[in-house]
Amino acid sequence: MNQKQFSEAVSSVTVRDTFWDPVMEVTRTQMIPYQWKALNDELPDIEPSHCIRNFKVAAGLMEAEFDGRVFQDSDVAKWIEAASYSLKWHPDENLEKEIDDTVELIIQSQQPDGYIGTYYSIKGLENRWTNIMRHHELYCAGHMLEAAVAYYHVTGKDKLLQAMIRFVDYIDSVFGPEEGKMHAYPGHEVIEMALMRLYEITKEEKHLRLARYFIDERGKQPCYFENELETYHNEYPWKDSFFQFHYYQAGAPVREMKEAVGHAVRAVYLYSGMADVARETLDDSLYEACQAMWNSIVERRMYITGSIGASAYGEAFTIDYDLPGDLVYGETCASVGMVFFAHRMLKLSQRGEYADIMERLLYNGTISGMALDGKSFFYVNPLEVYPKKNEEVQAFRHVKVERQKWFACACCPPNLARLVESVGSYIYTQREKQLFINLFIGSEAEVFYGENSAYITLETGYPWNGKVKLVMECESGREWDVALHLPDWCREFELYVDGESAQYMQSEGYLYLRQCWKGRHEISFNMKMEVREVRSNPKVRDNIGKVAVMRGPVVYCLEEEDNGADLHCVEIPSHAQFEETYRPDLLGGVVTIKSIGRKMMLEEESPLYLEDGWERYEEKELLWIPYYSWANREAGEMIVWVRKH
C-alpha cells in the first residue's frame with residue numbers, strides 16, 4: 001500500500017440539512033436526556049441501569065454491591081460520546097456540566113494503577129482479567145477511550161483523556177507479546193479502533209503497537225479463551241453451538257478468516273480496527289483480510305437495508321445468502337458498526353462501493369432503530385412482521401412490532417445517538433489535492449488547511465430528490481480535484497460547473513472534476529431519482545419471486561396502517577407503475593409511492609390444502625412508505641419483500 005492513496009475525514013463540518021437536522025435535534029433533545037435519566041435510574045417504568053450508582057460505589061461515595069450488566073460502564077461512555085458530539089453543533093452549558101461531573105466521578109473511581117471498571121473495582125480487583133472472554137473489561141475500556149477522544153476533540157478538555165491514557169498504560173503493562181504479560185485479546189472488540197483514535201492524537205508508538213497486538217494475537221492456536229475456561233472454570237455458553245470460538249472471531253487468526261462469522265457487532269468493530277491498523281502500518285495482508293470480510297458481508301450476508309446479523313442465536317452471522325426477513329436479528333448496533341467499517345474502508349481506498357453502503361445504512365438500517373420522536377427504540381430491525389406470530393411464537397419473540405422505551409441491555413440507543421450526532425464527519429474525505437463528497441448531506445465545511453484552505457457549502461434535498469449544489473470559495477488558485485460520489489442507484493445525471501456542462505473523469509464510483517479553483521465556483525449535480533424494483537440473488541431462498549421497492553437510497557415497505565392486513569397476500573404486476581408524492585404531513589415529511597397491485601382473497605372456511613386454481617384476487621391500491629419510518633403509527637403488519645406476478 002502507498003501512504004499517499006489514503007484519505008482523511010474532514011472534521012470542521014457543520015450540518016445544515018433538511019433531513020438530518022430534525023434527526024439530530026430529536027436525538028439531542030430527546031434521546032440524550034432520556035439516556036441520562038436511565039443512567040441515573042430516574043425512569044420508573046424501565047429496569048434500573050445502576051450505571052452512575054456503580055461509579056459512585058467504585059469511587060467510595062456510597063456503599064452497595066455492583067448491580068446491572070457486567071458491561072454497564074459502556075453505557076456511560078457512549079452517552080458521553082454522543083453528548084460530546086451534540087455540543088459541537090449545539091453548545092449547551094448544562095449538558096457540558098453534566099459531562100464534566102460524570103468525568104470527575106469516573107476519575108474518582110480510577111484505581112491507583114490506572115484501572116477503570118466498576119465491576120471488579122467493587123467485586124474484587126484480584127479477579128481482574130480472569131474472564132476476558134465474557135466480562136467486557138477491554139470493551140468498556142474501549143468505549144470509555146472513544147468517549148474521552150470525542151470530548152477532547154469537541155471541547156479541548158483532556159481530563160478524561162489523560163485518565164484513559166493512564167488506563168491504557170496499565171493495559172499495556174498487562175497485555176503483550178513479552179514474557180510475563182498475558183497473551184490475550186478482548187472477548188468483545190472495540191478497543192482496537194479506540195486505540196487507533198488515541199494514536200491519532202498522541203502519535204505514541206505504544207498505542208499503535210497495542211492495537212496491532214490485539215489484532216495479531218486474536219485467533220492464534222491454541223485458543224486463549226479455551227485455556228481461560230480450563231484455568232478459571234468459567235461458563236462457556238457456546239459449547240453446543242456451530243460457531244464455537246468463531247462467535248468471538250477467535251477461531252482463526254484474522255488474516256486466515258475467509259468469511260464474516262460470529263457475533264455481528266463484535267465482528268464489524270474488529271474489522272474497523274483492522275482497517276485502521278492496516279492503513280497506519282501499510283500492512284497489505286491485513287488490508288486483504290479487511291477486503292475479504294467486506295466482500296463476505298456485502299456480497300452474501302447483508303440485508304437490503306444494510307442490516308447484518310441474520311440469527312437471534314448469538315446475534316450472529318449465519319451462512320451465505322441466509323437472509324430471512326421475519327426471523328432477522330439485524331441489531332441496530334451492528335448497522336452502526338457497519339457504518340464505522342465502511343468509513344474506514346473508504347479512507348483506505350476511495351471507492352464508491354464503501355460510500356454506497358454507508359449511504360444505504362444511514363437512510364435505512366440505522367435510523368430505523370429510533371422512533372421519529374426519539375422516545376422509543378428497536379434493538380432488532382425486521383423486514384417483515386406479523387404481530388400474532390411475533391407475540392405468540394417463541395422463535396419470533398425477539399422481533400418486536402413496536403419500538404421499546406428502553407432495554408436492560410441498552411447498547412443500541414446510545415450507539416445510534418453517537419452516530420447521528422457525528423454524521424457530519426462522514427460526508428467528506430480529502431487528500432492533499434483531492435476533496436471527496438461521499439454523502440449528500442447539507443453542510444458547511446472548511447477543507448484543506450492554511451493558505452490552501454477552501455470553504456464549501458453543500459445544499460441538497462436528499463434523499464427525496466437528487467439535486468445537489470456545491471458552492472466553493474478558494475483564494476489559493478491551485479489545481480485540485482472535486483470528486484462527487486456517483487451512487488450505485490443512479491443511472492442518469494447532469495453535471496455543471498458555473499452553469500457550463502462539466503468535463504469529468506469517472507473512476508471507482510466517483511466523478512472527478514479537476515481545474516484551478518480560485519474565487520467562487522458553483523457545481524450543480526442533478527441525479528435522476530426514480531422508483532426501481534430490486535431483486536435478490538436467487539440464492540436468497542426467502543426472496544425468490546419477490547421484489548423490494550427503492551427510490552434513491554431509500555428502501556420502502558408496506559404497512560398495515562395504509563394497506564390493510566395479510567400483506568403476505570399482496571402481489572405487484574410485472575410492469576408496475578409508480579406514483580411518487582412528497583407528503584409533508586406524513587411521518588415527518590416523506591416521499592410516498594403509490595402503485596396498483598392485487599391481493600389474494602382469503603376464505604375463512606377454506607380447507608388447509610386446496611387444488612390448484614382456487615385463488616381469487618382483488619385489485620388493490622398500495623401505498624409504500626420509507627422503511628425507516630415504519631411503526632410510528634398504529635402497530636400492525638409490515639413487509640419489505642413483495643411477491644411479483
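Colleague: What volume does the largest cavity have?
Modeller: About 80 Å³. Keep in mind that this is a predicted model.
Colleague: How many cavities of 30 Å³ or more does the structure hold?
Modeller: Six.
Colleague: Back to the largest cavity. Which residues line it?
Modeller: The lining includes Val70, Asp73 and the run Tyr115, Ile116, Gly117, Thr118, Tyr119 and Tyr120. His135, His136, Glu137 and Cys140 also line the largest cavity.
Colleague: Which elements give two or more residues to that lining?
Modeller: α5 (118-123) and α6 (137-155). The largest share, three residues, comes from α5.
Colleague: And by class, what is in the lining of the largest cavity?
Modeller: Six nonpolar residues, four polar and two charged.
Colleague: What about the second largest cavity, how much space lies in there?
Modeller: About 50 Å³. Among the residues that line the second largest cavity are Trp129, Asn131, Ile132, Pro186, Gly187 and His188. His135, His136 and Glu137 are in its lining, and they line the largest cavity too.
Colleague: How does the lining of the second largest cavity divide by class?
Modeller: Five nonpolar, five polar and one charged.
Colleague: New topic. In what order do the strands of the seven-strand open sheet come?
Modeller: β2-β6-β7-β8-β14-β10-β11, with antiparallel pairing.
Colleague: Which are the edge strands?
Modeller: β2 (13-15) and β11 (500-501). Each pairs on one side only.
Colleague: How many bridges join β2 to β6?
Modeller: Three, and the two strands run antiparallel. β6 covers residues 443-447.
Colleague: Which residue in β6 does Thr14 stand opposite?
Modeller: Glu444.

Conventions
Residues numbered from 1 in each chain as written. Predicted model: local features only at pLDDT ≥ 70, side-chain atom pairs only at ≥ 80, totals over all residues. Heavy atoms only, no water. 1 Å grid on protein atoms, 1.4 Å probe; cavity = no way out; pocket = protein on both sides within 12 Å on 5 of 7 lines; lining within 4 Å. Points joined across faces, edges and corners; volume = space filled by probe spheres on them. Helix = DSSP H or I, 4+ residues; strand = E, 2+ residues; numbered from the N terminus. Nonpolar A, V, L, I, M, F, W, Y, C, P; charged D, E, K, R; others polar. Pairing = 2+ DSSP bridges.
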